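Q: Can we go through the charged side chains in this one? Start with the ground rules, please.

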Amino acid sequence: MGPPRSKKRRPSFRKLLKTSGVKLENKLKNKTFKQQNVAKKQRKEQKRLRKALKSTANSKPQELLTFAKRPDEEEEEQFLEELPSDMLEEEDLQQMKDMAQRASFITRDLSSSAPVHSTKKRKSELLRNLEKVPRKMAKTEEKEVIHLLPIKDKRGVVPQSVERVIERKEEEEEEEEEEEPQQEQEVTDQPGADLSPEHRELRLTQRKQQMAALASAVIADPHTTIKRLKELRSMLSEPDPSIAVTVKKLVMVSLMEVFKDITPTYKIRPLSTTEKSAKVKKETQALREFEEGLLSQYKFYLEDLEQIVADWRGSRTKRVQTVSLDSYRGLALVSVKCLCELLLNLSHFNFHNNIIVVLVPLMNHQDREISDLVCGAFRSLFAQDKVGGASLAAVRVISGLVKSHNYELRPEVLQTLLSLRIKEVQMKRDIEDTAPKHKFMNNKDKKKNLSRMQRKWKKAEDKLHKELLEAEATESKEKKLKLHTEVLNVIFVIYFRILKKSQKSVLLPVVLEGLAHFAHLINLEFFDDLVTVLQQLIQSGDLSNRESLHCIQTVFTILSGQGDVLTIDPLKFYSQLYSVLLQLHAGSTNEDVLIALRCVDTMFPRRRKHVTLQRVMSYLKRLSTLSLHTLPNASVAILATNRTLLQTFPRCDALLDTEVQGSGCFLPELNEPEHCHAHNTTLWELRPLQRHFHPTVQTLASHLSHGAPTEGSKSLRAELSRRPPEDLFEDYSIKDMSFNPPVSSQSAARRKQEHFGTGHSFLNKDLQKLVDQVLTSPCEGAEPSPGQGAEPDLT
């Protein structure tokens, strides 16, 4: 046998060709690499030489070395000096002296590095430039002949023409005045030059057309032209300072409208690595590319808006040079408007929480316009949010803002929380009742308790139920209740912190109003502490009328709801409201009448079993007194409340009987409703109210004076009897009130106008005569007319 065959196979010819190609490629790479290194070394050497030349040129030259002269040279110089100067002519001697002075190398200062003939060259260049400047000739007006339509008369056809002076353009004039030939570019093409209004409008029109074309292309077919968004967004960096601000504003608004139109109705989920590497259909891949491009451009757009707002808030100097410092306020206002629109219209899309984080601090900004704009946007968001996801994110950020500013914010920030649509939450006892008492069946229990057919049917039923829920596309009630409960918990955390740590804060009135608004949703475990704190606030005497009314409303809302099981005596709150009623009037506190009527509604009709008849009579009497010095809308609402009290407590009709007498005397100034003896008085206020100028007040006063009957001729019509006092207060407000009294005298119209402005009602005809007398007098100090010496009786 021969030697064993080698296991290594000989390379084929094709493989040899491949390896030879690789070797040639490597050789070329090595050759180019060596050439690059040689060129690099040469550049370094040249740089080193330039540095050396520069250093030697700038350094001070050393003095020339002097050597001792030989004896032969000394004898020669002495011989030349001893020669008589008469042998030279004067002209030759002067010429030699001049040549010696012009001998630059000998007479020149070696320490100077400037060229010898620099001044001469400079003068020659100046002359050459002056020669190139065109001569200014006398300007002659160039005229253009415009031929008009001919006319025809007796002579025949007569041609017509008009001469017009040609105005030279600014660009041509600037070109003529240029001194250097290198500046061939026009001044108008420079980004920092001032443009005429015509050129500015022309450039702005070009930018508008470009924006319109890009936006229309994206909206027409967003899946294929999504890359055009980048071109449109790049216009935010406009280099021309004359139109930069306007272009930026237009681009921001255009992008906002485009995103509102092309954004899908779902949230884009980022793909995992396995999903990216998996093979999909062309349609799916195109959809993924569209979503990825849309999401990236939307993110960059939001970053641009945020950067504009941050630059304006920080008053930075390192900003875009094309935009002045004064223009940044307008840019910031437009960017905030765009963010507010995206907050309201794209609450389901990505980066919505980022928009909330940017906008919430602006609610407390010192610029009132921007603050009101952002607060209004959040009110609209809270009002339109039915599920509660966006509201929860916003409320959490607001809570952090309140805490970071140490409870020193604008009250409008917390005022926005009153727009939340929360009507039902999960209470603790509700959670315990609705909690599942048994565990759900797992696979083992299903196999044990259900047959094979039952398991099959159960699986099909669950699948069908899931598909039905997806088809309905509605959020479950459990999820909505859960989110609303979390929102309300965050709100109460804000309120309770302020009540505990910052009772002197400007936010206290808004907190009390919010507690009154959400009092029916407070958990039972907070009732005792909350009532104690509110009672201390009222007794401190630092609260205004409206704040006291909010405290009282909160307490009685709690007691009329879940707090009915608590053993709390609210007698002090009854007395406090009874004293506040006399401080209300037709001026600044007329709007507080509505809050007081809400308190009365929760104190008496809803707690009819817990109040005494004496207390109801006292309130009925004081409300009637209050109706005399309020505006007509408040008087109508008060009389409607008295009607409810009379129908709820029929025994109070004793106040309408003038013949009934009781023991004691009525004390109208005493602020204790249980001890003021209201049963010893009558509702005499109904008599002057029947002569009130407002017809609805007259109708209600007459109705109450007859005992508020539900049937018969003295009963109210349906539109008044079925409306609650709150609706009547809004319907008969000053803005919507139309009054046409059946009088024709000018003095009566004046009295009506005077009453409408002050809110005081007239008691009788004598007072009306007195008012007419004052209005018709020529001056304030005029004497009364004859026959009017007696003072009218006002009782």
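A: What follows covers salt bridges and then a charged patch. This is a predicted model, in which local features need pLDDT of at least 70, side-chain atom pairs count only at pLDDT 80 or more, and totals for chains, interfaces and linings use all residues. Residues are numbered from 1 along each chain as its sequence is written, and side-chain values use heavy atoms, with hydrogens and water left out.

Q: How many salt bridges does the structure hold?
A: There are 24, a salt bridge being a side-chain nitrogen of Lys or Arg within 4 Å of a carboxyl oxygen of Asp or Glu.

Q: What does Glu238 pair with?
A: Its partner is Arg207, with the closest N and O atoms 3.0 Å apart. Glu238 sits in the loop between α8 (228–234) and α9 (244–262) and Arg207 in helix α7 (residues 197–220), so the bridge ties together parts 31 residues apart in sequence. Helices are DSSP runs (H or I, at least four residues), numbered from the N terminus.

Q: Is Glu238 buried or exposed?
A: Buried, at 6% relative accessibility. The cut-offs are under 20% relative accessible area for buried, over 50% for exposed and partly exposed in between (1.4 Å probe, protein chains only). Arg207 is buried too, at 19%.

Q: And Arg606, which residue does that meet?
A: Asp601, at 3.5 Å from N to O. Arg606 is exposed at 54%, while Asp601 is partly exposed at 31%.

Q: Which residues are joined into one network?
A: Arg368, Asp372, Arg410 and Glu412, through salt bridges that share partners. Within it, Glu412 and Arg410 have their closest N and O atoms 3.5 Å apart.

Q: New topic: where does Lys423 lie?
A: In the loop between α16 (411–415) and α17 (428–434). Lys423 counts as exposed, at 73%.

Note on methods: Helices (H or I, at least four residues) and strands (E, at least two) are DSSP runs, numbered from the N terminus.
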